[in-house]
Amino acid sequence: GTLGNVLTGHENHVYHAEPRPDGHWILTASRDGTVGIWQNPGPAASALASPYLTLSANLKGVPFAAFSPDGHYIGAAYWRNAAQLWRIWADGDGLDSDTLAELRDVWGPERAELVLVREAERFRRENGLDELRTPDQEGN
């Protein structure tokens with residue numbers, strides 16, 4: 001067919017690429033040992049220079065990675081007879097609507113859905129820490 005999108009952020013060959021079941025994200029598995037998650041820019045051809053999120057288990061090349069059917073998890077197979085499973089997106093983690101709105105205000109709508117961000121917020125609240133701030137707000 002026709003060229004869709006060019007993903008240029010890996011440092012070596014990409015062995016596998018697939019869209020998330022909802023079509024909003026693209027997953028890549030690379031010989032450089034990383035799994036990339038890219039925002040799908042849609043049908044218009046464009047170049048994306050870096051992934052939205054890069055996952056690495058320091059286990060050498062990744063010949064295959066796939067989304068779970070619900071799109072919340074990613075499984076990756078490594079050359080060293082190893083596999084890694086990551087829970088990336090939240091699914092019913094019990095945060096109230098005010099907390100979710102605050103996370104979206106601070107982190108943006110896409111990042112507020114990441115499990116890492118939600119777990120950081122839960123830790124902050126459970127331990128009575130000050131207001132959650134992104135690195136940009138801290139001046140770092």
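The hairpin of E2 and E3 has five residues between its strands, and Gly23 takes a positive phi near 80° there. The model is a predicted one, in which local features need pLDDT of at least 70 and side-chain atom pairs count only at pLDDT 80 or more, while totals for chains, interfaces and linings use all residues. Residues are numbered from 1 along each chain as its sequence is written, and side-chain values use heavy atoms, with hydrogens and water left out. Strands (E, at least two residues) and helices (H or I, at least four) are DSSP runs numbered from the N terminus, and two strands are taken to pair if DSSP finds at least two bridges between them.

Strand E2 (residues 14-19) runs antiparallel to E3 and is joined to it by five bridges. Val14 stands opposite Ser30 of E3, His16 has Ala29 as its bridge partner, and Pro19 is partnered by Ile26. On its other pairing, E3 is linked by five bridges to strand E4 (residues 34-39), again in antiparallel fashion. Here Trp38 of E4 is the bridge partner of Ile26. E3 and E4 also form a hairpin, with three residues between them, and Gly33 in the turn has a positive phi of about 90°.

These strands belong to an open sheet of four, ordered E2-E3-E4-E6, with antiparallel pairing. E2 and strand E6 (53-56) stand at the edges with a single partner strand each, so one side of each is left without a neighbour in the sheet. From one strand to the next, the twist averages 20°, where axes are lines fitted to C-alpha atoms, for helices over the stretch in contact, and angles run from 0 to 180 degrees between N-to-C directions.

Six of the six residues of strand E3 (residues 25-30) are buried, so E3 is largely enclosed by the rest of the structure. In a regular strand the side chains alternate between the two faces of the sheet. In E3 both faces are covered, with Trp25, Leu27 and Ala29 buried on one side and Ile26, Thr28 and Ser30 buried on the other.

A further open sheet comprises three strands in the order E7-E8-E9, with antiparallel pairing. Strand E7 (64-67) and E9 are at its edges, each with a single partner strand, so one side of each lacks a neighbour in the sheet. The twist in this sheet averages 15° from one strand to the next. Strand E8 (residues 73-78) and E9 run antiparallel and are joined by six bridges; Ala76 stands opposite Gln84 in E9.

Helix H2 (residues 115-126) has twelve residues. With an expected span of 1.5 Å times one less than the number of residues, H2 should span 16 Å, and its end C-alpha atoms are 16 Å apart, which agrees. Val115, Val117, Arg118, Glu121 and Arg124 of H2 are buried. The elements covering the buried residues of H2 include strand E9 (82-87) and helix H1 (97-107), contact meaning heavy atoms within 4.5 Å. Just after H2, Gly128 takes a positive phi of about 60°.

Two packed helices are described by the angle between their axes and the distance between the axes. H1 and H2 pack at an angle of about 115°, with their axes 11 Å apart. The crossing of H1 past H2 is right-handed; a crossing is right-handed if the near helix is turned clockwise from the far one by less than a right angle, and left-handed if anticlockwise. Thr99, Leu100, Glu102, Leu103, Arg104 and Trp107 of H1 make the contact with Val117, Arg118, Glu121, Arg124 and Arg125 of H2. The contact residues divide into four nonpolar, one polar and six charged, with Ala, Val, Leu, Ile, Met, Phe, Trp, Tyr, Cys and Pro counted as nonpolar, Asp, Glu, Lys and Arg as charged, and the others, Gly among them, as polar.

Over the chain, the secondary structure comes to three helices and nine strands, running β-β-β-β-β-β-β-β-β-α-α-α from the N terminus on. Of the 140 residues of the chain, 35% count as buried. Among contacts between residues at least 6 apart in sequence, 43% join residues at least 24 apart.

Key. Buried means under 20% relative accessible area, exposed over 50%, partly exposed in between (1.4 Å probe, protein chains only).
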